[in-house]
Amino acid sequence: MTKITSLPADDTTCGWYHLSKGRQIKAPHRGHTAARWVVVGAGFTGLAAARQLALNFPDDQVVLLEAQEVGFGSSGRNAGFAIDLPHDIGADDYIGDIAIARTTLKLNLSGQSFLKELVERYRIDCQMKHCGKYQAAVEPRGIAVLDAYRRGLDKLDQPYEMIDADQLPEHIGTHFYRKALFTPGTSLIQPSALVKGLADNLPPNVTLYEQTPITDIEYGAKTVLKHANGSITADKLVLTTNAFGMSFGFLKGRMLPVFTYASLTRPMTEEEQARLGGKPYWGVIPADPFGTTVRRTPDNRLLIRNSFSFNPDGRANRKYLERFVVRHRDAFERRFPMLPNMPFEYTWGGALAMSRNHMGYFGELAPNVYGALCCNGLGVTRGTATGKLLADWLAGEKNELIDFVRQAPGPCANPPAPLVSLGLNLNLKWGQYRAGKES
């Protein structure tokens, strides 16, 4: 019997969650149930896996478990970029091995296309806009990153546009940035609204239970998952819990629960929109990975996302919200001096499952236990793609993308505690300091 020692506990102040359409929350599981398939974790990866398992095995019942509420956890807390392009920060041109990059592009596009299809089919109101993204820079280091990435995109034969400082205000209003690289393939979403919509349109042979955190688990020929009000016996268990997979006994010491933080303003008035100028919605990611992500949403709010913390138990900590909202205010005022005293309505944190070698896990974890874990900050597209592929692989399908994710080496081992905490926290602080004006 394995005791689950760490359970999700996110803050209650996520703007995406509160601004998305309310839904009828599914009742927690009670009693004792047996099922052919049990998927734990109803984020992007788990929703895709459960959906595809149900389609691949229409005569089987699929149980999908969520510890909190759908749309409340990590999948509903990101910046809302469904990114198509690979971005290997370890390569000189941010593309690296061209064969790997091309397959990564196919993988990301498969996840993005799957989401687009579902949004259109079920008319999910999640502000999905196929408007591309800007990667913007202020510092010379950041501009060098854009130039290097441009060379990589040339090698990958992908479209882009380089935009100089004098042209950028026509796009995003602010005069803050010196250069940006625009790529047209990214879609922007309201992530919590999308996750909620996906959960409310699952196949009929998927049964979703929310607010059902698993507290104990017994592995064997069948897996028994226990919770406060009963148990579920699974013939086959699929874990899509990202870093909480370590609490289930897998990949221990190989994933890093890193939180990042965002603030969202109230809607701009018409006069404020006129002062800002630019396009009605857009998204900017920083050239420096430790810089600030910015979005203008279709409902005319501005999002600021920056700052990181290492939370080893994967749970939120209120002290970081109080600390980092100050950084959000500073980042906002430097970018939008034309909008003084614009209040933030929401500030929240959200977890990323990272690995030191930027690799995820896909495949069998133990007999009759499978996982797609550690999305490394690409949960919208990569999580969706790997969740669907895992269900296809379990149905016996073979293709290029399944071979690609199965052959990946997986997350590497971390240094022992407390060295990992000390080293990562120093690295996060140093990275944010080096980001300079892009922070």
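Trainee: At what angle do helix H2 and helix H9 pack?
Mentor: Good place to start! This is a predicted model, where local features need pLDDT of at least 70, side-chain atom pairs count only at pLDDT 80 or more, and totals for chains, interfaces and linings use all residues. Residues are numbered from 1 along each chain as its sequence is written, and side-chain values use heavy atoms, leaving out hydrogens and water. H2 covers residues 44–56 and H9 residues 379–394, with axes 7 Å apart and an angle of about 30°.

Trainee: Are H2 and H9 roughly parallel or roughly antiparallel to each other?
Mentor: Angles under 35 degrees count as roughly parallel, over 145 as roughly antiparallel, 65 to 115 as roughly perpendicular and the rest as oblique. H2 and H9 are therefore roughly parallel.

Trainee: Which residues of H2 make the contact?
Mentor: Contact means heavy atoms within 4.5 Å. On the H9 side, the residues include Val380, Lys388 and Leu394. On the H2 side, they are Phe44, Thr45, Ala48, Ala49, Gln52, Leu53 and Asn56.

Trainee: How many disulfides does the count come to?
Mentor: A disulfide is a pair of cysteine sulfur atoms within 2.5 Å. By this rule, the count is 0.

Trainee: Which cysteine sulfur is nearest to that of Cys14?
Mentor: Cys14 is in no disulfide. The nearest cysteine sulfur is 15 Å away, and belongs to Cys126.

Trainee: Is Cys126 buried or exposed?
Mentor: Buried means under 20% relative accessible area, exposed over 50%, and partly exposed in between (1.4 Å probe, protein chains only). Cys126 has 1% relative accessibility, so Cys126 counts as buried.

Definitions and conventions
Axes are lines fitted to C-alpha atoms, for helices over the stretch in contact, and angles run from 0 to 180 degrees between N-to-C directions. Helices (H or I, at least four residues) and strands (E, at least two) are DSSP runs, numbered from the N terminus.
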